[in-house]
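Subject: Structure handover

Hi,

Here is the structure I promised to pass on.

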Amino acid sequence: MQFDSIKTCSRRTADFSDIFFFFTSVKWKGKDLFDLVCRTLGLRETWFFGLQYTIKDTVAWLKMDKKVLDHDVPTEEPVTFHFLAKFYPENAEEELVQEITQHLFFLQVKKQILDEKIYCPPEASVLLASYAVQAKYGDYDPNVHKRGFLAQEELLPKRVINLYQMTPEMWEERITAWYAEHRGRARDEAEMEYLKIAQDLEMYGVNYFAIRNKKGTELLLGVDALGLHIYDPDNRLTPKISFPWNEIRNISYSDKEFTIKPLDKKIDVFKFNSSKLRVNKLILQLCIGNHDLFMRRRKADSLEVQQMKAQAREEKARKQMERQRLAREKKMREEAERTRDELERRLMQLKEEATMANEALMRSEETADLLAEKAQITEEEAKLLAQKAAEAEQEMQRIKATAIRTEEEKRLMEQKVLEAEMLALKMAEESERRAKEADQLKQDLQEARESERRAKQKLLEITSKSSYTPMNVTTTLPTDLPSFNLINESLSFDFKDTDMKRLSMEIEKEKVEYMEKSKHLQEQLNELKTEIEALKLKERETALDILHNENASRGNSKHNTIKKVSEGSSLFEGLAEP
């Protein structure tokens, strides 16, 4: 087996899936390699993790006190070690302190759910997917996260997708509906919410091993943070029997035979056989590690853990302040944008009013010109009529001077005179009417010009009002916002006295809000389950789906079994032959 010198590869992804180590030193122990990985990741909560490898189809973990090359590792190159969580917390929110620790658990549990190594009900799968989307994409924005933005994401187990007559668009719609409700949650908060839901799943954190009892009955042994559990091979959800760590006196193995001695000496010792000696070693290793953590949780935190928790609280408070500052800035920016939009809208309105006033002015000028032209024509017509009236008067005088002596001629003359007089009178009336009309037109012209003057005045006023431009709005953004200096001494937090009381009140408030949210969440899960029930393809239900539904209707769960054991129920009866 050829090894390179100790170094880390420069290639690294956001989810830490591609970090490579090469080494030649045959003296390196498992702890040396493990510590190198932890330092590279910046991980301090090392007790949850280990380096896993596979040998002859069996999972094994690198021992800390043993040289790497002394392990029974595969001979093929390169040898691959997987940095994974070996032990799981009972309560992720209380035990996982570092953000990197939470992130690593989130990635591992998410993969186990998608790979169906942990059974997850369909409605819970949708909820978990929504938190995974929040962790990756941040707050939902309908302008950015449009239909189809999750098309390339693997968010649901294939079992869930195949169980319902639903298109990818229908699943995305339901995931997005919950995703939109997670607004304001940072990545670490969304990942923690994911873990808090996942840790209540029946197969979460359980390592299963095929075993046989004395009669040769095939069973499954489950090892997890709570204790040891015995399952039927066809039912990995609910254990037949459970051994909480505080109810176990001794665990040992001899060759392939494994022995569990209950604390109560009246109960028979439970023995079983595994398939390989290597499997018994792994079971004992997991038992020791889980039991140590079980006891550690029930003692006061070590100085290191206290320090880590204090730093985590300070970091959480700092991030909270940072989020509040960003939220304030965002709100002020949105208000400034709204003000700018309002000013731009007002400016457009003023421009429209100016355009309308200008058009009215042009129409007034055109009307004034028409009225002036019409008044001139009317005045000329009045002069012409007056001239004709004068001519008629002269004609009448001439006719009177040349009177005809005969009676007939006199009568005809009188008739003509009468007609001339009537014509002259009519001409005089028409002339007077036209003169009045000309005066009226002159008055209308004067009013039109006055209207034109007022329109020009209004246009000048509007122009003076709109003399500013919307570009000045950007300068109204506050430049004196409080800065946040990461090195400033004011960032050191003191969680004593008044601050401690305030923090306690905030924690109590968060508990109440969490209870209310949990109730609301359960209602939402039930609503979704009812909604998609009609689209379920019953013939595609797996054995685990059927078992989960039965357990849910009966109220059975792994945690209930543990609770019954703690309350003194006789679950160990017939232990030797389950």
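Let me start with Y231, which is buried at a relative accessible area of 0%; buried here stands for under 20% relative accessible area, exposed for over 50% and partly exposed for anything in between, with a 1.4 Å probe and protein chains only. Y231 sits in strand β8, residues 227-231. Strands are DSSP runs of E with at least two residues, helices are runs of H or I with at least four, and both are numbered from the N terminus. Y231 and F209 are 22 residues apart in sequence, and their C-alpha atoms are 9.9 Å apart in space.

Before you go further: this is a predicted model, so local features need pLDDT of at least 70 and side-chain atom pairs count only at pLDDT 80 or more, whereas totals for chains, interfaces and linings use all residues. Residues are numbered from 1 along each chain as its sequence is written, and side-chain values use heavy atoms, with hydrogens and water left out.

**The chain overall**

The chain has 13 helices and twelve strands. Of its 578 residues, 37% count as buried. Taking contacts in the chain with a separation of 6 or more, 66% are between residues 24 or more positions apart; a contact means heavy atoms within 4.5 Å.

L226 is in the loop between β7 (218-223) and β8, and counts as buried at 18% relative accessibility. G289 and D224 are separated by 65 residues in sequence and by 9.9 Å in space, again C-alpha to C-alpha. G289 belongs to helix α8, residues 277-297, and is buried too, at 13% relative accessibility.

**The annotated site**

Which residues does UniProt list for "binding site"? The unreviewed entry gives K63, M64, D65, K66 and K281. UniProt positions are in the numbering used here, feature names are shortened, and annotations may be inferred rather than shown by experiment.

I looked at two of these residues. K63 is in the loop between β4 (58-61) and β5 (82-85), and D65 is also found in the loop between β4 and β5. Is K63 buried or partly exposed? K63 is partly exposed, because its relative accessible area is 36%. D65 has a relative accessibility of 62%, so D65 counts as exposed. Leaving out residues up to four places away in sequence, K63 touches G30, K31, H71 and Q285.

**Cavities**

How many cavities of 30 Å³ or more does the structure hold? There are three. The cavity search runs on a 1 Å grid over the protein atoms alone: a cavity is a set of points where a 1.4 Å probe fits but cannot get out, and lining residues have an atom within 4 Å of a point. Grid points are joined across faces, edges and corners, and a volume is the space filled by probe spheres set on the points.

The largest cavity has a volume of about 70 Å³. Its lining includes Y119, P122, E123, K529, E533 and H548. Helices α4 (122-137), α11 (497-533) and α12 (543-554) each supply at least two residues of that lining, and α12 has the largest share, with three residues. By class, the lining has four nonpolar, two polar and six charged residues. For the classes, Ala, Val, Leu, Ile, Met, Phe, Trp, Tyr, Cys and Pro count as nonpolar, Asp, Glu, Lys and Arg as charged, and the others, Gly among them, as polar.

**Backbone and cysteines**

Two residues have a positive phi without being glycines. E116, with phi at about 65°, is in the loop between α3 (99-114) and α4 and is partly exposed at 36% relative accessibility. D255, with phi at about 55°, is in the loop between β10 (248-254) and β11 (257-262) and counts as exposed at 53% relative accessibility.

Last, the disulfide count is zero, with a disulfide taken as a pair of cysteine sulfur atoms within 2.5 Å. As for cysteines, C38 is buried at 4% relative accessibility, and C287 is buried at 3%.

Cheers

Technical notes: 1 Å grid on protein atoms, 1.4 Å probe; cavity = no way out; pocket = protein on both sides within 12 Å on 5 of 7 lines; lining within 4 Å.
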